[in-house]
Amino acid sequence: MAVELQPTESAIDFTLKILLLGDSGVGKTSLLTRFAHDNFDEQVASTIGVDFAVKKLSVYDKRVKLTVWDTAGQEKFRTLTTTFYRGAKGIIMVYDVSRPDTLLHLEEQWMRELELHGTEADAVRMVVANKVDVGDARRVSWHEGSDFARRHGCLFAETSAKTNIAVANAFEELVLKILETPSLLEDAGLRSGTVLLDSPQSGYGVYDYCYC
Amino acid sequence: MEQFKGLLNRAKELAVQTAQEIGRSGTPDRESPSTGLSPAASLSSVQSIEARVGRFKTELRGSHINLHNLKRLAFHGIPDCGNLRAIVWKLLLGYLPLTPDDWATELAKKRTTYHVFCQELIVDPKRQEQDGEGLAGGGAPGNGAERRAVESEPVEDHPLCLSQTSKWNTYFKDSEIMVQVERDVLRTHPDMHFFTGDTTEAEAHREDMKRALFMYAKLNPGLRYIQGMNELIAPLYYLFKTDAQDPHAAQYAEADAFWCFMELISDFRDHFCQQLDNAQTGIRATIRRLMHVLQYHDRELWHHMEVVHKVDPQFYAFRWLTLLLSQEFAFPDTLRIWDTILSDPHGRMDCLLRICVAMILNVGPILRQGDFTVILKTLQRYPPVDVNVLLQRAAEMPPCSVVLGARV
């Protein structure tokens, strides 16, 4: 396994800022809690303003510190926290597979928001279809989600924070892709010229991200 | 942390029991003079609950309550005794008049008005169509206006009608608000059985809060429902609903919470208004004022946080201010903090800012040694603290209006 969670060494090769975006109630906070603390609560208080968690990973021989930012999903809060977008290297856009409108809003609202406030042109973007544990309540298929992601040049993953399906995997895919993008590492504390050339391709619904 | 909260809650329960026993057996001292104690001597920790309850009861006994005296008492905490806090909050929020003889009339008026709002503003075109067809003249009172409107234009209105006056159009817009309110109410204090779970009680409590928030959204179309309002109505509703001494009041907890929420939010409503985010009264300006007050008290600490480590105060203070600190502490501590905010002689906003500054100063040693991550983690997940110490620290600060040379 190329990725090992929680390196014990204190020295960090570089720090990456990751954002979670998406409508209220799609499960951003739950994804963060699952990823950072391997925990899940059936109900969590709605996020007001921004929330923040740190997770350390080892990716190949690199020690990576991820700062993951969670934000409120309601419209009112979007323009408030523009500094929140600054320097983000990875963007996770989350929708709920039982609420098709939340996928629609990724295009109509969240991607525009990102264009407006994002500072990294090459930031790696990933669409995450959350709550795949809902069974019959599912309203957005894998194909619809993955087509959407491909059309917008994003990685794609299906997850369940509740039953712990593919959450860590999604974050790891994102990190690997960031590591393959030299322009994103310039100010991330990595020694210059160090680029991973032989990262494996995952077959888990991930599309190539063009950064040329 | 959980263990700590558990102990704290247990201690509070014991305190309530003790106070209730005292309330049953003891006769309050009518002759005891109204408090003229210095703030330090009025601190909850150095007084017996019995003595404090007695002072409140004396203060509430007259034919005209002296609000100034009541505020002085409440500022140092209202004892968890019977429905004392519920009554005092209703007075502090101006919901109950200062003349107890008028309470019954005034409450009946307000509760009826709320009931009428609910009947008039909750639009259900399906029911109205049925009523219009089969039950003309019958049904619940208060729907008369709605029904007449439906009757006068029975053909034009239908589910795909785009007209502004369409009942169906209103119904769909309302449903959007309701969905958002519902989602948040379901997520209110997920650690408390009162609000969370499948019990009939919890479901009924959520229904009440949903309706009250929905009514607020309908009556304030410029603001509608904004996330976080659920956190502000929750302590009010909880307090009124758990009023064991006055079952009649508990029955009207929804209406009472609605009116008190209206009053509470009136001081802070600009924080919720997106159009005012950049105005003098909006949330950004309030956060700037908070930073100015922090600079006044500890410029070095402010510099370390905001300049050296570039911690945008929005990242923590936004939630503190919009939710009146209701997500930062254990629930009983939030109630204690609100006692002080509601009774501060310099105003609720001034008080809130001072408490926020006290919170930062209180963890100053951790912040001073910390980097960006430590600072943000500490302030976003505030460590356990004796809130009385925090509030005392805030009480000793000069009013923010004096520090800033302007009303806050």
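This is a predicted model: local features need pLDDT of at least 70, side-chain atom pairs count only at pLDDT 80 or more; totals for chains, interfaces and linings use all residues.
Local features need pLDDT of at least 70, side-chain atom pairs count only at pLDDT 80 or more, and totals for chains, interfaces and linings use all residues. Residues are numbered from 1 along each chain as its sequence is written, chains are lettered from A in the order in which they are written, and side-chain values use heavy atoms, without hydrogens or water.

Start with the inside. In soluble globular proteins, nonpolar side chains tend to be buried together. A nonpolar core here is a set of buried Ala, Val, Leu, Ile, Met, Phe, Trp, Tyr and Cys residues joined through side-chain atoms within 4.5 Å. Buried means under 20% relative accessible area, exposed over 50%, and partly exposed in between (1.4 Å probe, protein chains only). The largest core holds 137 residues. Within this core, B:Met229, B:Leu236, B:Tyr316 and B:Ile360 touch the most other members. Helix α17 (residues 348-362) of chain B gives the most to this core, with eleven residues. Helices are DSSP runs (H or I, at least four residues), numbered from the N terminus. Domain 1 (105-271) and domain 2 (273-407) of chain B each supply at least three residues to this core; the bounds come from an automatic or database domain assignment.

Look at B:Leu236. Leaving out residues up to four places away in sequence, its contacts (heavy atoms within 4.5 Å) include B:Trp89, B:Phe261 and B:Trp338. Another core, of 34 residues, lies apart, with A:Phe35 and A:Leu176 among its members.

Now the charges. Side chains of opposite charge can pair when their charged atoms come close. A salt bridge is a side-chain nitrogen of Lys or Arg within 4 Å of a carboxyl oxygen of Asp or Glu.

B:Asp256 pairs with B:Arg111, with the closest N and O atoms 2.8 Å apart. B:Asp256 lies in helix α12 (residues 253-266) and B:Arg111 in helix α5 (residues 103-121) of chain B, so the pair ties together parts 145 residues apart in sequence. B:Asp256 is buried at 0%, and B:Arg111 is buried at 9%.

Helix α12 also carries B:Glu254. B:Glu254 forms a salt bridge with B:Arg211, again with closest N and O atoms 2.8 Å apart. B:Arg211 sits in helix α9 (residues 200-219), so this pair ties together parts 43 residues apart. B:Glu254 is buried at 10%, whereas B:Arg211 is partly exposed at 28%.

Return to helix α17. B:Arg354 there meets B:Asp344 in a salt bridge (3.0 Å, N to O). B:Arg354 is buried at 3%, and B:Asp344 is buried at 4%.

In chain A, salt bridges link A:Lys89, A:Glu120 and A:Asp187 in a network.

Key:
Helices (H or I, at least four residues) and strands (E, at least two) are DSSP runs, numbered from the N terminus.
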